[in-house]
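Student: Hi! Could we go through this structure together?
Tutor: Happy to, let's have a look.

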Amino acid sequence: MSRGTVSRFLNGGHYVSPAARRSVESAIRKTGYVVNRHARSLSTGRSDSVAFLLTEPQEKFFEDPNFNILLRGCTEHLARHDIPLLLMLAASDDDRRRLTRYITTGHVDGVLLVSSHSGDPVAAELRDAGIPLVACGKPMGLGTTVSYVAADDREGARDMVRHLLGTGRRRIGMITGPLDLPGGTDRLAGYREVLAEAGVPHAPELVAEGDYTRSGGERAARRLLECAPDMEAVFVASDLMAQGVVNALQQSGRSVPDDIAVGGFDDSPAATSVSPALTTVRQPFDRISAEMVRMLLAQIAGEDTAGVILPTELVVRDSA
């Protein structure tokens, strides 16, 4: 067996016959060989690692289960390629500058970018530096210049509002996500579209902006109850916020769903850790993670990638 055959196998298995592959695998098992990543990085100019860059405060990472689900999924899919994932949190402008400098000086081969807010320069800076980059959600203001993987937020919202209308409710409120994130704007757009199609008049007092936190959901629910005490249902743009909404409604003496029906979004663990369990919109987190990793590895290998939008699913439980 030639040295070139072994090298090709260790560097991705391209142009290696099945018989040669089996021979190399057998030799690796017998010798206990482990790739020296430092030596490989010197010869290839690559770090053989990827960054998971979350542009949110540390406390949000620990509170919001969606981030942990995405991190775990990306870690598992990269592990199949023997590539470690580095978690990076950028909560401030200083953090962003420091991490952007670290990334663009070759310490990682590519970036999985999560929660990129409108006006955040990180995505554009990494793109302009030629760093392989895939965003979770379509980065606002960057068009098709950055590859992304997203759930179909607008259609998921449409499904939820149609469901709430189908229960006989007409005064349907909404607690949005942050409107500088694509999920926030797209879910609000879906809500408005379905109400307009159903002939329900636009009611600004029935919409409150939230921040994807449990406490933010509670505050927004109290604002809605003050402005629209006759509200019959509320679509909440995340399950974590919906937990807070259910708590605020129950504290106000409202029964869920008898007095006010509640619909969430994500189908995260938060959906089933509240009583009543949430009717929600399921995001395909594992598929999102898998597609993000697939697209990033393709970019690192020199291929062009674009945007992928994945379907959501309405999950009916007890809250609506």
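**Cavity and helix packing**

Tutor: Let's start inside: the lining of the largest cavity draws at least two residues from each of α5 (65–79), β4 (133–136), β5 (147–151), α9 and α12 (285–300). Bear in mind that this is a predicted model.

Student: Okay, and how many cavities of 30 Å³ or more does a search of the whole structure find?

Tutor: One. Its volume is about 450 Å³.

Student: Which of the lining residues are closest to the centre?

Tutor: Ser115, Cys136, Arg187, Tyr212 and Gln283, out of 28 residues that line the cavity.

Student: And how does that lining split by class?

Tutor: There are 14 nonpolar residues, with seven polar and seven charged ones.

Student: Switching topic: at what angle do the axes of α8 and α9 cross?

Tutor: Roughly 40°, and the axes come within 7 Å. Helix α8 covers residues 153–166, and α9 covers residues 182–197. Angles under 35 degrees would count as roughly parallel and 65 to 115 as roughly perpendicular, so α8 and α9 are oblique to each other.

Student: Is the crossing left-handed or right-handed?

Tutor: Right-handed, as α8 passes α9.

Student: Which residues meet there?

Tutor: From α8, Asp153, Arg154, Ala157, Arg158, Val161, Arg162 and Leu165. On the α9 side they meet Gly183, Asp186, Arg187, Ala189, Gly190, Tyr191, Glu193, Val194, Leu195 and Glu197. By class, this contact has eight charged, seven nonpolar and two polar residues.

Notes. Residues are numbered from 1 along each chain as its sequence is written. This is a predicted model: local features need pLDDT of at least 70, side-chain atom pairs count only at pLDDT 80 or more; totals for chains, interfaces and linings use all residues. Side-chain values use heavy atoms; hydrogens and water are left out. Axes are lines fitted to C-alpha atoms, for helices over the stretch in contact, and angles run from 0 to 180 degrees between N-to-C directions. Helices (H or I, at least four residues) and strands (E, at least two) are DSSP runs, numbered from the N terminus. Angles under 35 degrees count as roughly parallel, over 145 as roughly antiparallel, 65 to 115 as roughly perpendicular and the rest as oblique. A crossing is left-handed if the near helix is turned anticlockwise from the far one by less than a right angle, and right-handed if clockwise. Contact means heavy atoms within 4.5 Å. Ala, Val, Leu, Ile, Met, Phe, Trp, Tyr, Cys and Pro count as nonpolar, Asp, Glu, Lys and Arg as charged, and the others, Gly among them, as polar. On a 1 Å grid over the protein atoms alone, a cavity is a set of points where a 1.4 Å probe fits but cannot get out, and a pocket is an open set with protein on both sides within 12 Å along at least five of seven lines; lining residues have an atom within 4 Å of a point. Grid points are joined across faces, edges and corners, and a volume is the space filled by probe spheres set on the points.
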